[in-house]
Amino acid sequence: MSRKTDRSKELRAIIKSHKRWDVIFGLVGLGAIALAILTLVALFAQMVIDGFPRISVEFFANFPSRRAGQAGILSAWVGSFFVMIVTALFAIPVGIASAIYLEEYARKNWFTDVIEINISNLAGVPSIVYGLLALGLFVYTFGFGQSILSAGLTLALLILPIVIVTTREALRAIPQTVREGAYACGATKWQVVSDHLVPYGMPGILTGVIIGLSRAIGETAPIITIGALTFIAFLPPMPFTGDPAAGLFDWLFSPFTVMPIQIFNWTSRPDPAFHANAAAASLVLVFLTLGMNGLAIWLRYRLRKNIKW
Amino acid sequence: MSASTTSGRIVIAERLTGAARLAELAKIKVARKRKDRMIEFVLLLAACVSVFTTLAIVYILLKESLVFFSDVPVWSFLTDTQWTPLFDDAHFGIAVLLSGTLSSSLVALFIAIPLGTIIAIYLSEFANHRLREVLKPVLELLSGVPTIIYGFFALLVITPLLQEIYPGLPTFNILSAGLVMGIMIIPYVSSLSEDAMRAVPMSLREGSYAMGATRFQTATRVVVPAAFSGIASAYILGISRAVGETMILAVAAGMQPNLTLNPLEPAATITSFIVQVALGDLPHGSVGYQTIFAAGLTLLLITLMFNLLGHWLRRKYREAY
Amino acid sequence: MPSTITLPDDAPVLKAQSKNLDFYYGAFKALTGVTMPIYENRVTALIGPSGCGKSTYLRCFNRMHDLYPGHRYDGKIELYPDDVDILDHAVDPIEVRMRISMVFQKPNPFPKSIFENVAYGLRVRGEKSVSYLEDKVEAALRAAAIWGEVKDRMSESATNLSGGQQQRLCIARSLATDPEIILFDEPTSALDPIATGSIEELIGEIKNKVTILIVTHNMQQAARVSDYVAYMYLGEMVEYGVTKDIFMKPKRQETEDYITGRFG
C-alpha cells in the first residue's frame with residue numbers, strides 16, 4: 001500500500017511541476033499580446049499628443065505651405081478621395097465579375113487553375129512592384145501620365161485579389177438549395193446570379209470591398225513610384241469649372257497628391273513643427289482606415305446575425 | 001397569341017398549346033442562350049484581368065531590365081560591392097541593397113516569428129472564447145495601420161527611445177525600422193498559425209489529454225507539430241511581407257546604400273531604393289529609370305521564390321483533417 | 001425508474017463504482033442516478049441506443065468532460081483500493097488520466113513516429129531514460145499484438161499504418177503507462193470486420209492486467225467480449241448483470257426489447 005502512495009506522491013509532484021509551465025506560458029502569451037497592444041497604444045498616443053492640437057477646420061481647408069502653422073491637407077484628402085473613386089469604380093465591377101465567373105461559371109480545367117494561381121500569387125506581390133507596373137504601363141505605355149487615373153487603376157489592381165477572394169467566400173456561403181430553387185423556376189444562370197446570389201451575398205461582398213479600399217487609402221509606395229508630387233497646392237480641375245472650363249474628365253489626368261504622401265513629405269522634414277502636421281494628418285488617415293475596417297467588421301458581424309440559412 | 005420579350009421578361013400567353021408552344025419556347029431559348037454566352041464571356045474577361053496583371057508585371061520588369069542588362073553585365077550586378085547608380089563612375093552591385101533587405105527582415109522576423117507563434121498558441125490553446133473574440137480584432141488592427149504611419153512612429157518615437165539606451169545610434173538606422181516592421185508583421189504570422197492550430201481536430205487533443213498531459217504539453221507536443229504546414233505557411237508569409245516592405249524603411253532607415261549587416265547603421269533596401277529614385281526626377285529611358293526595374297525584378301524573384309517554397313511546403317506536409 | 005442490478009455470485013474484487021451519478025451539459029441532464037460496479041480485471045460493457053448516455057458515462061471516468069465548459073458532475077465515482085472520488089473538485093483530472101486511459105472511436109495517433117506515439121504517455125510523465133522508454137514501448141506493443149508488424153519501422157510516421165493497426169497502436173499507447181482501467185469508446189466502429197476481430201481478441205488478452213470498461217453499439221460484440229453488461233436508456237441505467245444472463249434472460253422488458261431489436 002505504501003508503494004502505491006509513494007508512486008502517487010511522485011506523480012503528483014511531476015504533475016505539479018509540469019502544470020507550472022501552463023501558468024508560465026499563460027503569462028508569456030499575455031505578455032506578448034500586451035507588447036503588441038502597447039505598441040499600438042503608444043502609436044496612437046503619440047499621434048494624438050502631437051497631432052490633435054493641429055486638427056481644425058483650417059487644417060482640412062488649407063493647402064500645404066512652407067509655413068508649418070498654415071499647412072493643411074486639402075489637396076491630400078481631396079486627392080485621396082478622387083483616387084478612391086477611380087479605384088472603386090474599377091475594382092468593384094472587375095472583382096465581383098471575376099469572382100462570379102470563378103465561382104459559378106468556370107469549369108475545372110487548366111485555364112481556371114491558371115487564373116486562380118495568378119490571383120493568389122498577386123496577393124503576395126509587394127505593393128512597390130505594382131508601382132513599377134503602373135509606371136511602365138499606365139504612366140508611359142498607355143500615356144495616362146502621373147495622374148489620378150494611373151493611381152486609381154494601380155490601387156485597383158492591388159486590391160483586386162482581396163475583393164475577389166471575399167466575394168467568392170460570400171457566394172460560397174449561399175447554400176446550393178437557393179440556386180436549385182431558382183433554376184427550378186426556369187431561371188438562367190445569369191438570372192440566378194443577378195437576382196439571387198449577388199443580392200444575398202451583398203453584405204459579404206461589401207465587407208470585402210471596404211477592407212480593400214481601407215487598404216488602398218493607406219498605400220504609399222505605388223503612388224510615389226508613379227511620381228505623385230509631394231507639394232501640390234491646387235485641386236484637380238472639376239468639370240465645367242475654371243477658365244477655360246475644364247472638361248468632364250480633366251480631373252482624371254491631373255497631377256495630385258494623397259494623404260499618405262503628404263504625411264511622408266512632412267515626416268521627412270527636419271522641422272518638428274511639420275512633424276506635428278504629419279501626426280495630425282496621420283490621425284485623420286488612421287481614423288479613416290480603422291473606421292472603414294471597423295465598418296467592415298461590424299457589417300460581417302451583422303451579416304452573421306441576420307442571415308440564417 | 002405569342003410570347004413577348006419585353007425588358008427581358010418572358011410572358012407567354014396562355015392560348016398557345018402543343019407544337020406552337022414548343023416552337024415559341026425554342027425561340028426564347030435561343031435568345032437566352034446567346035445572352036448568357038455573352039455574359040459569360042464578359043465575366044471571363046474580368047477574370048482574365050488578373051492574368052493580364054501578372055503578364056504585364058513580368059513584361060514591364062523584363063523589358064526594362066533587359067535594357068539595363070545590356071549595359072550592365074549580370075555578373076557585376078550580382079557581385080559588385082558598391083551601389084552608386086547615379087554617379088558618373090556608376091556601380092551596380094545589388095548585394096548592397098540585398099544586405100539592407102536582409103538585415104531589416106532578420107530584425108523584423110526575430111520579433112514577429114517568436115511573438116506571433118506564442119500569441120497563436122496562446123489564443124488557440126489557452127485563451128477562452130470571449131478573450132479570443134476580443135483580442136483577435138485588436139491584433140488585426142496592427143496590420144490595418146498604414147505603413148507610412150509606422151514609419152513615422154519608428155523615426156520619431158522608437159529611434160529616440162533606442163538612442164537613450166545606445167547613444168551612438170544614428171537617426172536613421174535599420175534596427176528601429178526592423179523592430180516596428182516586426183510588430184506590424186505579428187498579426188500575419190499569428191493569424192494564419194492560429195487558424196492552422198484550430199484546424200487540428202479535437203480528437204488529437206483528447207488523445208493527448210487522455211494520456212495525462214497538461215495544456216502546455218498538449219499544445220507544444222501535439223497541436224503545434226500537427227499544424228506544421230500551416231504554421232510554416234504563416235512564417236513564409238511573414239518573410240514575404242518583411243522583404244517587400246517599403247515605407248517603414250524609406251522613412252526610418254535612411255535611403256543610403258550601405259553594404260552591411262549591422263542593424264545599427266542606416267542602409268537602403270531594394271524597396272527603399274526604388275522610392276528614393278522615384279522621388280527624384282525620372283526621365284523615361286534614363287539609367288535611373290532602368291535601374292529601379294532591375295531592382296524590382298530582383299525583388300519579384302525573391303518573393304516568388306518564397307511563395308513557391310510556401311506552396312511546396314503546403315503540398316508536401318498538408319495534413320488532411 | 002430504479003435500475004435492476006444483479007450482482008454476480010462469485011465475489012470479484014471491486015475496482016471502481018459510480019454512486020448516483022448525475023451529469024449535466026449546461027442545463028441538459030444527460031445522466032440520472034447511475035449506480036454501477038466495475039470489477040477488477042473484468043470487461044464491463046455499456047450498451048444502449050444512440051444518445052442513451054453511455055459515452056457520456058464513460059467520459060466521466062477520465063474527466064474528459066472537464067475539457068469543455070458547461071459540465072457538471074453530481075454524485076461520485078469511487079476508485080479502489082484508495083477510496084478516492086475521482087469526480088471531486090479537489091482531485092486533479094490529470095492525475096486521474098494517468099491512472100485511467102482511453103481508446104477512442106476513431107483511431108487518433110499523433111503525427112509522430114510509432115515509437116514516439118507509444119512513448120508519449122511516459123514522456124509526459126517526465127520519463128527520459130531512453131532504455132527505459134524502449135523497454136516499455138516494446139512491452140506495450142507486444143501486449144497490443146502489433147510488435148511484429150512495426151518493430152522494423154519504429155521511426156516511421158504512425159499515420160502510415162492501416163486503420164486497424166492505428167487502433168492497436170493507440171491501445172499500446174494506453175498500455176504503456178500501466179493504467180489501472182482502460183476505457184474503450186466504441187473502439188471498432190470505424191474498423192473493418194477483420195480489424196474488429198483482432199481488437200476483440202486483444203481485449204480478451206489484456207483484461208488479465210487491466211480493468212476494462214467498453215462502450216459498444218454492437219450487441220454481438222458486447223456478448224462476445226464482456227463479462228458484465230449494463231443496458232442504458234435515456235441517461236439512466238436500466239439493467240446490469242452478468243453478460244450471459246442479460247442476453248439470455250433479461251429481467252426487464254426494456255432490456256429485452258432492445259436486445260431483440262424491437263427498437264434500436
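The legends below describe close-up views of a predicted model. Residues are numbered from 1 along each chain as its sequence is written, with chains lettered from A and ligands numbered from 1 in the order in which they are written.

**View 1. Chain A has 11 helices and 0 strands.** Helices (H or I, at least four residues) and strands (E, at least two) are DSSP runs, numbered from the N terminus. The pattern along the sequence is α-α-α-α-α-α-α-α-α-α-α. The C-alpha atoms of chain A fill a box of roughly 105 × 65 × 35 Å along the principal axes.

**View 2. Helix α4 of chain A covers residues 110–122.** Its 13 residues should span 18 Å at 1.5 Å a residue, and the end C-alpha atoms are 18 Å apart, which agrees; the expected span is 1.5 Å times one less than the number of residues. The buried residues of α4(A) are A:I115, A:N118, A:I119 and A:L122. They lie on the same side of α4(A) because they cover an arc of only 95 degrees around the axis, the arc being that of the directions from the helix axis to the C-beta atoms. A:W110 and A:D113 are exposed on the other side. The buried residues of α4(A) pack against α3 (74–105) and α6 (148–172) of chain A, together with α1 of chain B.

**View 3. Chain B touches chain A.** Here 67 residues of chain B are in contact with 67 residues of chain A (C-beta atoms, placed from the backbone, within 7 Å). Helix α1 (residues 18–71) of chain B gives the largest share of the chain B side, 18 residues.

**View 4. Chain C holds an open sheet of 4 strands in the order β3-β2-β5-β6, with antiparallel pairing.** Two strands pair if DSSP finds at least two bridges between them. The edge strands, each pairing on one side only, are β3 (28–39) and β6 (84–85) of chain C. Strand β5 (residues 71–79) of chain C is joined to β6(C) by 2 bridges. C:D85 in β6(C) is the bridge partner of C:E78.

Note on methods
This is a predicted model: local features need pLDDT of at least 70, side-chain atom pairs count only at pLDDT 80 or more; totals for chains, interfaces and linings use all residues. Two residues are in contact if their C-beta atoms, placed from the backbone, lie within 7 Å. A residue is buried if 20 or more other C-beta atoms lie within 10 Å of its own, exposed if 12 or fewer, and partly exposed in between; C-beta atoms are placed from the backbone.
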